[in-house]
Amino acid sequence: MDDARNWVRAGLASLFSLENEGVEAHATELFAPNAEIHVSSPIGVLNGPAGVVDGLIAPLRAALSTPRRRDLLVIGGQNRRDVGGEWVTGITHLTGLFTSPLWGIAPTGKLIYLRIGEFWRVEEGRIVEGRLIIDLLDLLQQCGRWPLAEAHYGAPITFPPPATQDGLCPENRSEGAASLDVVEAMLSALHVYNPETYGSDGQVGAGGTWAPDFAWYGPGGIGSTVSWPGFVDHHRAPFLRAFPDRKGGNHYCRIGDGAFAAVSGWPSMTMTHRDTYLGVPATDKALTLRVMDFYRCENGLIAENWVLLDYIHLLEQMGVDAIAQAAEMEPNQA
């Protein structure tokens, strides 16, 4: 039990590899009796091992034939935020044949890679708290039922593992504080931007925090891109046009582990919907956004950034039920 990363990773994998009759008993060993797990829309808050099984694990096991986790990043450490605690966090894909409905999404019978971001707080060998973002908007893309008037601004790809192939419980843990320092410097500088160029000081070039060729992997609705010009064109400019008063931060967790760092807020952003976004006209509503960011640093710069956003919840606040709209479409009508 010395390294929480290993037992959390193994324990989560077993929730999908065990036979049905062993899942509840295993969940009781993995989750504390009073565990509270917050999951992206439409799932909500799940309490205790039984709540996690009934509200999360059982629906996923029922929807996917031979479900398996395919982790691409697992890191852990002490939380730098005031709430503290030891956390294990990462990104996985749950794979399998999509053979039965899942939270209102019709199955395809084909292989899917269901993208999931995770933050778990651990105490005395059990998970006591968690936050998960399940990228159901990306799942709709995979199913050929894109429900919005605009498609992705970047490329809708499956998240790759780190280019260095060393994101599963990294060994060089002492570098984690320095990695998180770089990320925090970048986040601080992002608050202020030029409304014409959408640039911010301290990002690229001399004194910057991003590598010139950094890769940015975005969620369903945004897509992925590379370099600062790609980041601006394929994410930042459309986002800031739509939400010009956005304020970020409000993180409950920030950790560093080796060359990696991760931060999350629930919600992290507050903003007003002032212009069309993903084809949804401005509503002038005040919105919040749940965020998870994962980073790999190299030579003191951010080389890769994986981003999970609860866009199903964001769209609900904008008056759009993306899952219900997709249900009315024929496959490949995207």
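The legends below describe close-up views of a predicted model.

**View 1. Helices H1 and H3 pack against each other.**
Two packed helices are described by the angle between their axes and the distance between the axes. For helix H1 (residues 4–17) and helix H3 (residues 48–63), the angle is about 50° and the axes are 10 Å apart. On the H1 side the contact is made by Leu15, Phe16 and Ser17, and on the H3 side by Ile57, Leu60 and Arg61. By class, these contact residues are four nonpolar, one polar and one charged.

**View 2. Phenylalanine 31 lies in strand S1.**
Is this residue buried or exposed? Phenylalanine 31 has 1% relative accessibility, and because buried means under 20%, it counts as buried. Leaving aside residues up to four places away in sequence, phenylalanine 31 touches Leu12, Leu15, Ile37, Pro49, Val52, Trp120, Arg126 and Ile127. Leu15 is also one of the H1 residues in the contact with H3. Phenylalanine 31 and glycine 48 are 17 residues apart along the chain, and their C-alpha atoms are separated by 6.8 Å.

Most residues other than glycine have a negative phi, and most peptide bonds are trans. Proline 42 sits in the loop between strand S1 (31–39) and strand S2 (44–47). Proline 267 is placed in strand S10 (residues 260–272).

**View 3. Glutamate 124 and aspartate 284 have a positive phi.**
Where is glutamate 124? Glutamate 124 is in the loop between strand S5 (111–123) and strand S6 (126–134). Its phi is about 50°, although glutamate 124 is not a glycine. With 87% relative accessibility, glutamate 124 counts as exposed, because the cut-off for that class is over 50%. Aspartate 284, which is not a glycine either, has a phi of about 60°. Aspartate 284 is found in the loop between S10 and strand S11 (286–298).

**View 4. The largest pocket holds about 460 Å³ of space.**
This pocket is lined by 27 residues, and the closest to its centre are Leu187, Leu190, Arg246, Met269 and Asp293. Helix H5 (176–190), strand S7 (210–217), helix H6 (227–242), strand S9 (251–257), S10, S11 and strand S12 (301–309) each give two or more residues to the lining. Which element gives the most to the lining of the largest pocket? H6 does, with five residues. The lining of the largest pocket has 14 nonpolar, eight polar and five charged residues.

**View 5. The largest cavity has a volume of about 100 Å³.**
Rolling a probe the size of a water molecule over the atoms shows where empty space is left. A search of the whole structure finds four cavities of 30 Å³ or more. Of the 15 residues that line the largest cavity, Phe16, Leu56, Ile57, Arg69 and Glu118 lie nearest its centre. H1, H3, S5 and S6 each give two or more residues to this lining. The most come from H3, with four residues. Phe16 and Ile57 are among the residues of the contact between H1 and H3. The lining of the largest cavity divides into 13 nonpolar, no polar and two charged residues.

**View 6. The second largest cavity has a volume of about 70 Å³.**
The second largest cavity is lined by 15 residues, and the closest to its centre are Leu12, Arg69, Val74, Thr89 and Glu118. Leu12 is also one of the residues that phenylalanine 31 touches. At least two lining residues each are supplied by H1, strand S3 (64–78), strand S4 (86–98) and S5. S4 has the largest share of the lining, five residues. By class, the lining of the second largest cavity has seven nonpolar, three polar and five charged residues.

Key. Residues numbered from 1 in each chain as written. Predicted model: local features only at pLDDT ≥ 70, side-chain atom pairs only at ≥ 80, totals over all residues. Heavy atoms only, no water. Axes fitted to C-alpha atoms, helices over the stretch in contact; angles between N-to-C directions. Contact = heavy atoms within 4.5 Å. Nonpolar A, V, L, I, M, F, W, Y, C, P; charged D, E, K, R; others polar. Buried < 20%, exposed > 50% of the residue type's maximum accessible area, 1.4 Å probe, protein only. 1 Å grid on protein atoms, 1.4 Å probe; cavity = no way out; pocket = protein on both sides within 12 Å on 5 of 7 lines; lining within 4 Å. Points joined across faces, edges and corners; volume = space filled by probe spheres on them.
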